[in-house]
Amino acid sequence: MPDLDIKRLQAFGRDPIDVHVGAGECLCVVGPSGSGKSLLLRAIADLDPNRGDVFLDGRSRNEMSAPTWRRLVGFLPTESRWWFETVGEHFDERRADDLADLGFAEDVWDWQIHRLSTGERQRLALLRLMAHRPKALLLDEPTASLDEDNKRRVETVIARYRKDLGAPVLWVSHEPAQIERVSNRRFHIETRPAEAES
Ligand SMILES: Nc1ncnc2c1ncn2[C@@H]1O[C@H](COP(=O)(O)OP(=O)(O)OP(=O)(O)O)[C@@H](O)[C@H]1O
C-alpha cells in the first residue's frame, strides 16, 4: 500500500512544506483563498518549478520521468481540459461501474464535450483520472461546481477508490461539513504554510 511523503517542498519562494499522507488516508488541505493550496498540489505533481522531494511508496520522484510520476500521482485541477469532440474519445476503456455511481448513463460516451455543464465536466474529469489508476490522488476542489446529491456521489466514489487501492489522497476543500465527512486529518495553509495537525 503506497504512502506519499512530501519533503521540504517549495514553490515560488514559499516556505518549504513537509507532510506525510499514509496509504488510504485522506488529508484535507485547508486555508484561505490565495494561501497556496493549488500551488502545493501542482508542486507535488511537479507541474511548476519547485524544490524538495516527494516519495511515493518510498520511491523518489527523482528516480522517474515526469510523465511516469504524473501517471502515478493523479492531479485533478479545478478546471479540466478536453481535447476531442466526444466524452468517449477521452477514455481507453468504456467501463460502466463508476460511471453509474457518478450519475451518468452509458449514452454519456457519445455526448459532445461542448454541451457538458461545469458539474458534468468535473465529474467526468474525475472518472477519466481514476481510469488511469493513479496510486495517489491530488484533488483540487473536486466538488466545487456540484449540487448536494452529486457531491455525495463524488465523495462515495473517491472513498471507495481510496479504500480499494489504499491510495493516499490530498483534497483541497473550502467546505467545513465536507472536510469533516471525508478527511482523516487536515493540513492548514495560512499565508505562510504551517505544519499538519491531527
Ligand atoms: N505561477 C504562479 N507564479 C507565482 N505565483 C502564483 C502562480 N500561480 C499562483 N500564484 C499565486 O500564489 C498564490 C496562491 O495561489 P493558489 O492558487 O495556490 O491559491 P489557493 O489557496 O488554491 O486559492 P483558492 O482557494 O482561491 O483556490 C496566489 O496569490 C496566486 O496569485
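**Notebook: a predicted model, residue by residue**

I began with Glu85, which counts as exposed because 12 C-beta neighbours lie inside 10 Å. I note here that the model is a predicted one. I placed Glu85 in the loop between strand E6 (73-76) and helix H3 (97-101). Setting aside neighbours within four places in sequence, I found Glu85 in contact with Gln112 and Ile113. I then took the separation of Glu85 from Val54: the two are 31 residues apart along the chain, and their C-alpha atoms are separated by 36 Å.

**Overall form**

I looked up the secondary structure and recorded six helices and ten strands. The radius of gyration is 16 Å, close to the 16 Å that the globule rule gives for 198 residues, so I regard the protein as being as compact as a globular protein of that length. Along the principal axes, the C-alpha atoms fill a box of roughly 45 × 35 × 30 Å. I noted that buried residues make up 32% of the 198 residues. I also looked at contacts between residues at least 6 apart in sequence, and 72% of these join residues at least 24 apart.

**Val30, as a counterpart to Glu85**

I located Val30 in strand E3 (residues 26-30). Val30 counts as buried because 20 other C-beta atoms lie within 10 Å, whereas Glu85 is exposed. Not counting residues up to four places away in sequence, I listed Ser173, Ile179, Arg186 and His188 as the residues that Val30 touches. For Val30 and Ile179 I recorded 149 residues of separation in sequence and 8.7 Å in space, C-alpha to C-alpha.

**The open sheet**

I traced an open sheet of four strands in the order E2-E1-E4-E5, with antiparallel pairing. Strand E2 (17-21) and strand E5 (59-60) stand at the edges with a single partner strand each, so one side of each has no neighbour in the sheet. I then examined the pairing of strand E4 (residues 51-56) with E5: the two run antiparallel and are joined by two bridges. In this pairing I found Phe55 opposite Ser60 of E5.

I turned to E6 and asked which way its residues point. Val73 and Phe75 point one way, Gly74 and Leu76 point the other way, and all are buried. I set beside this the general rule that side chains in a regular strand alternate between the two faces of the sheet. E6 and strand E7 (residues 136-140) run parallel, and I recorded four bridges joining them. Leu76 stands opposite Leu139 in E7.

**The nonpolar core**

I next examined the largest nonpolar core, which has 47 residues; Val29, Ile44, Leu138, Leu170 and Trp171 touch the most other members. Helix H4 (residues 118-131) gives the most to this core, with six residues. I recall that nonpolar side chains tend to be buried together in soluble globular proteins. I followed up Ile44: leaving aside neighbours within four places in sequence, Ile44 is in contact with Ile6, Leu9, Val54, Val73 and Leu138.

**The ligand shell**

Finally I asked which residues are around the ligand. I listed Phe12, Gly31, Ser33, Gly34, Ser35, Gly36, Lys37, Ser38, Leu39 and Asp48. Sorted by class, this shell has two nonpolar, six polar and two charged residues.

Technical notes: Residues numbered from 1 in each chain as written. Predicted model: local features only at pLDDT ≥ 70, side-chain atom pairs only at ≥ 80, totals over all residues. Pairing = 2+ DSSP bridges. Core = buried A, V, L, I, M, F, W, Y, C linked by C-beta atoms within 7 Å. Contact = placed C-beta atoms within 7 Å. Near = placed C-beta within 6 Å. Nonpolar A, V, L, I, M, F, W, Y, C, P; charged D, E, K, R; others polar. Rg over C-alpha atoms; globule rule 2.2 N^0.38 Å.
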